[in-house]
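Subject: Structure handover

Hello,

Please find the structure below, ahead of my notes on it.

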Amino acid sequence: MLQELSGMVWMGRETASEIKERLARHRSPFRLKHFFYQSNRVGVGSVPMVILLSVFVGLTMALLTGYQLQRFGLVTLVPAVVSVSFTREMGPLFTGIVLASRIGAAYTAELGAMTAGGEVNAIEGMGIGALRYLITPRILAIFFLTPCLTVIAVISGILGAAFISSLLLQLSYSYFYDQVMTNLLVKDLMAGIVKSFLFGAIIGTIACYKGLTVRGGAVGVGTATTSSVVMAVSTVIACDSFCNIFIVTFFP
Amino acid sequence: MSATPEKLIEMRGVKLQFADKVILNGVDFSVRAQEVLVIMGLSGGGKSTLLSILLGLLKPNAGAVFFKEEDLTKLSRPKLNEARTHMGMVYQNAALISSMTVRENIGLPLEELSDKNASEIASIIDQKLELVGLKDAGDKLPSELSGGMEKRVGLARALALEPELVLFDEPSAGLDPINSKLIDDLIIQLRDKQKVTSIVVTHEMDSAFAVATRMAFLDQGKIILEAAPGEFRDSDNPIVSKFLSSYTDHERSKK
């Protein structure tokens, strides 16, 4: 674990030094084309899955909280509860989990296959700087696209909740909308967005590191991919808890 | 301490071990500009490892590697990358980027490391493809190529940046005689016409003697013999002569 952490720190430091050197020579540290390609994959490609998952999670949350709150005659609180918890918590977390399994696994598998096939060494041997060339567009893409996807997740989660509320809890769309607007604070939005930037960076770093340290051919690529997803998901969840503790303590 | 000017690359006392296994145990050799040094040795004897060290992909446990008077083992990554642009490596398995076409593979170092524009790069790619006789294969993916073609593309890619030193890892292993001869001819052509220095690791005797200006034999992690081809052939070193004679016996038995 410590070895992996120091490996990732080393990777980050070396990548930064390569980028610095490129900038000093007035060359772009990565190709925009690669960045857009990866962004398309991370962002556009993940939209359907994020929407689908969020709608169902939002729907379930509204339904369950609604039934519980009905007993106390507080069903009118559903929009506030669901929108705040989705914005602060569920949106970023589920986006993180979707990306860790969809994109993290892909990053590890493709970089792993390249490592196992000697392609990474070949790129390194040409003097191109494999870390900068391979990692930078990938990590930047997931770093910038996770918050965008989080916004989509939040909107679709709240829409899912509004739909089921009007259907089963007798809360009209306009009431739901007004409640969301009154109860949702900029602070909640900020908490969710900041967290999702962090999640993106974590998933990207773990996935690239695991891919570049693959050993043992095809089986090695499989093992690394599994361990990348497991590690990314658990780190994202752990990090989420710490963020929440931090936010609740310092920005009540 | 630095290499003398006429030596392009020099290894001094290079030692490398993985866990308890000693791979290289004090390797010394140097290559002057426009030489072709062929390194021979038994399989698994650390020949490919030697090339990885020359390219800075592996760091030796001890010793120094001088390339143009700079110790590669002590350079920072950016400096090492700069030095690598003056070298080209042809890998045993070609190591082409499998998701890129042949043209993109050859163009990769040019796009990343030179200031040339797209049309200049395209003309260099055409020229290199023509040099290795693969003018029509430009738009194929590496998976659609045969082993010999992959190797030739690997060579074209290694030559894209006009390197001063080219490292060949088993350039003719697993190739038919015609392809093998083609690669040998390219190495000779590079030496004579483009003044390129090469280090070739091989155990194909015919190609070794065809291209070499000097030969070295690596055994038990050390260079046990370094000589001109003629002298090498007549060597009375027991291991080298056994190596050479088993090859000749094998050839004779085929006839």
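Predicted model: local features only at pLDDT ≥ 70, side-chain atom pairs only at ≥ 80, totals over all residues.

Residues are numbered from 1 along each chain as its sequence is written, and chains are lettered from A and ligands numbered from 1 in the order in which they are written.

Contact between the chains. Chain B contributes 17 residues and chain A 16 residues (two residues are in contact if their C-beta atoms, placed from the backbone, lie within 7 Å). On the chain B side, α2 (77–84) and α3 (102–113) each supply at least two residues; α2(B) gives the most, with five residues. Helices are DSSP runs of H or I with at least four residues, strands are runs of E with at least two, and both are numbered from the N terminus.

Helix α9 of chain A. The 34 residues of α9 (residues 217–250) should span 50 Å at 1.5 Å a residue, and the end C-alpha atoms are 47 Å apart, which agrees. The expected span is 1.5 Å times one less than the number of residues. Cover for the buried residues of α9(A) includes α4 (78–116) and α8 (186–212) of chain A (buried: 20 or more other C-beta atoms within 10 Å of the residue's own, with C-beta atoms placed from the backbone). Among these buried residues are Val221(A), Met231(A) and Val236(A).

Sheet in chain B. Four strands form an open, antiparallel sheet in the order β2-β1-β4-β5 (two strands pair if DSSP finds at least two bridges between them). Its edge strands are β2 (21–32) and β5 (70–71). Nine bridges join β1 (residues 7–18) to β2(B), and Ile9(B) has Val31(B) as its bridge partner in β2(B).

Regards

Terms used: Buried ≥ 20, exposed ≤ 12 C-beta atoms within 10 Å, placed from the backbone.
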